[in-house]
Amino acid sequence: MLEANNIQYLVQGRAIVNKVSLQLNPGQLTAVIGPNGAGKSSLLKLLAGDYKLHSGVIKYNDRVIQNYRPKDLAQVRAVMPQHSQLTFPFKVKEVVELGLLSLGLKQGEQLVREVMMETQTWGFKDRLYGALSGGEKQRVQLARVLVQIWAESDQPKYLLLDEPTSSMDIAHQHQVLHIASKLKNKGIAVLAVLHDLNMAAAYADQVILLKEGKVYQQGSVAEVMASKHLEYVFEHPIMVRDGFEGMPHLIQPLPVHHQTHSFKIA
Ligand SMILES: Nc1ncnc2c1ncn2[C@@H]1O[C@H](COP(=O)(O)OP(=O)(O)OP(=O)(O)O)[C@@H](O)[C@H]1O
């Protein structure tokens with residue numbers, strides 16, 4: 001289990017992540033949602049170990065994150081950041097192979113091929129990464145981080161994704177979240193920062209709704225993605241309906257002129 005207890009991250013005295021506690025369980029997909037600036041990416045970076053905690057504790061599989069060497073942490077958790085810069089003219093397959101380096105491996109042809117097939121990137125493996133579309137690049141980056149945690153293991157692993165589908169068409173958005181769902185069967189816990197509320201509703205087992213660095217609501221889709229919670233946090237009219245045949249809710253943000261009431265809780 002990944003466990004965060006009362007974690008805080010301060011910038012110039014301001015709590016960007018404010019006493020957040022959460023658990024990521026193997027076989028679960030957790031969506032982190034919330035408005036711009038709510039602290040979603042900062043929370044993910046704290047969990048990844050990229051930001052230094054001001055206070056609180058993060059444990060991966062009962063071991064405090066500071067006690068992991070970088071190479072050991074890389075075997076337990078993989079991180080796909082919002083933006084990945086590459087200045088060298090790498091080919092697509094070479095970018096995916098970078099995932100092997102973080103494991104200290106020099107070769108892994110079969111592994112690389114498997115994740116590239118899964119992410120539908122094998123078909124353009126010899127193209128230059130820099131020439132790909134935004135959505136194609138995201139799939140390549142996903143393949144790169146999947147390499148890290150793809151192999152079977154006796155310890156739970158974690159995949160942290162920061163807006164992994166932001167540049168993707170609808171089919172590829174679903175494909176990525178479908179891949180993330182399949183990882184659950186491998187005993188991997190997935191955390192994804194998502195802006196698309198419908199995608200979060202469709203795939204998440206647990207939803208964390210952030211507002212101003214704090215957890216406003218945390219729980220199942222049905223518990224968290226209620227109109228009153230979403231409207232309050234996003235300060236925007238949002239209609240929530242039951243979906244088709246047991247499908248999760250349909251979240252319908254309404255145009256601003258439909259706003260009929262204030263979203264501040266009295
Ligand atoms: N290193 C930093 N220095 C100063 N301010 C920062 C730093 N990192 C984050 N912030 C601020 O903290 C707040 C939360 O940022 P964060 O990127 O975590 O939000 P977010 O919820 O991921 O937003 P978005 O949806 O726009 O990606 C923002 O107000 C941001 O400007």
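Biologist: Which residue in β7 does Ala-78 stand opposite?

Modeller: Ala-78 stands opposite Leu-159 in β7. This is a predicted model, in which local features need pLDDT of at least 70, side-chain atom pairs count only at pLDDT 80 or more, and totals for chains, interfaces and linings use all residues. Residues are numbered from 1 along each chain as its sequence is written.

Biologist: What makes β6 and β7 paired strands?

Modeller: Strands are DSSP runs of E with at least two residues, and helices are runs of H or I with at least four, both numbered from the N terminus. Two strands pair if DSSP finds at least two bridges between them. β6 and β7 (residues 157-162) have four bridges, in the parallel sense, so they count as paired.

Biologist: Why are β6 and β10 said to stand at the edges?

Modeller: The open sheet of six strands has the order β6-β7-β8-β3-β9-β10, with mixed pairing. β6 (77-80) and β10 (214-219) each have a single partner strand, so one side of each is left without a neighbour in the sheet. From one strand to the next, the twist averages 15°.

Biologist: Which strands does helix α5 touch?

Modeller: Helix α5 (residues 134-149) packs on the sheet and touches β6, β7 and β8 (188-193). Its direction makes about 175° with that of β6. Such angles run from 0 to 180 degrees between N-to-C directions, with axes fitted as lines to C-alpha atoms, for helices over the stretch in contact.

Biologist: Why is α4 called oblique to α5?

Modeller: The axes of α4 (residues 109-118) and α5 come within 9 Å and cross at roughly 135°. Angles under 35 degrees count as roughly parallel, over 145 as roughly antiparallel, 65 to 115 as roughly perpendicular and the rest as oblique. The angle of roughly 135° belongs to the rest, so α4 is oblique to α5.

Biologist: How do you know which residues of α4 and α5 meet?

Modeller: Two residues are in contact if their C-beta atoms, placed from the backbone, lie within 7 Å. Leu-111, Val-112, Val-115 and Met-116 in α4 meet Ala-143, Leu-146 and Val-147 in α5. The residues of this contact divide into seven nonpolar, no polar and no charged. Here Ala, Val, Leu, Ile, Met, Phe, Trp, Tyr, Cys and Pro count as nonpolar, Asp, Glu, Lys and Arg as charged, and the others, Gly among them, as polar.

Biologist: What makes α3 roughly perpendicular to α4?

Modeller: Helix α3 (residues 92-101) and α4 pack at an angle of about 115°, with their axes 10 Å apart. That angle makes α3 roughly perpendicular to α4. Lys-93, Val-96 and Glu-97 in α3 meet Val-112, Val-115 and Met-116 in α4. By class, this contact has four nonpolar, no polar and two charged residues.

Biologist: How do you know that β1 pairs with β2?

Modeller: β1 and β2 pair in the antiparallel sense over seven bridges. They form a hairpin with two residues between them, and Gln-12 in the turn has a positive phi of about 45°. Val-11 stands opposite Arg-14 in β2.

Biologist: Which helix gives the largest share of the shell around the ligand?

Modeller: Helix α1 (residues 40-48) gives that share, three residues. Residues surrounding the ligand include Val-11, Lys-40 and Ser-41, where a residue is near if its C-beta atom, placed from the backbone, lies within 6 Å. By class, the shell has three nonpolar, six polar and one charged residues.
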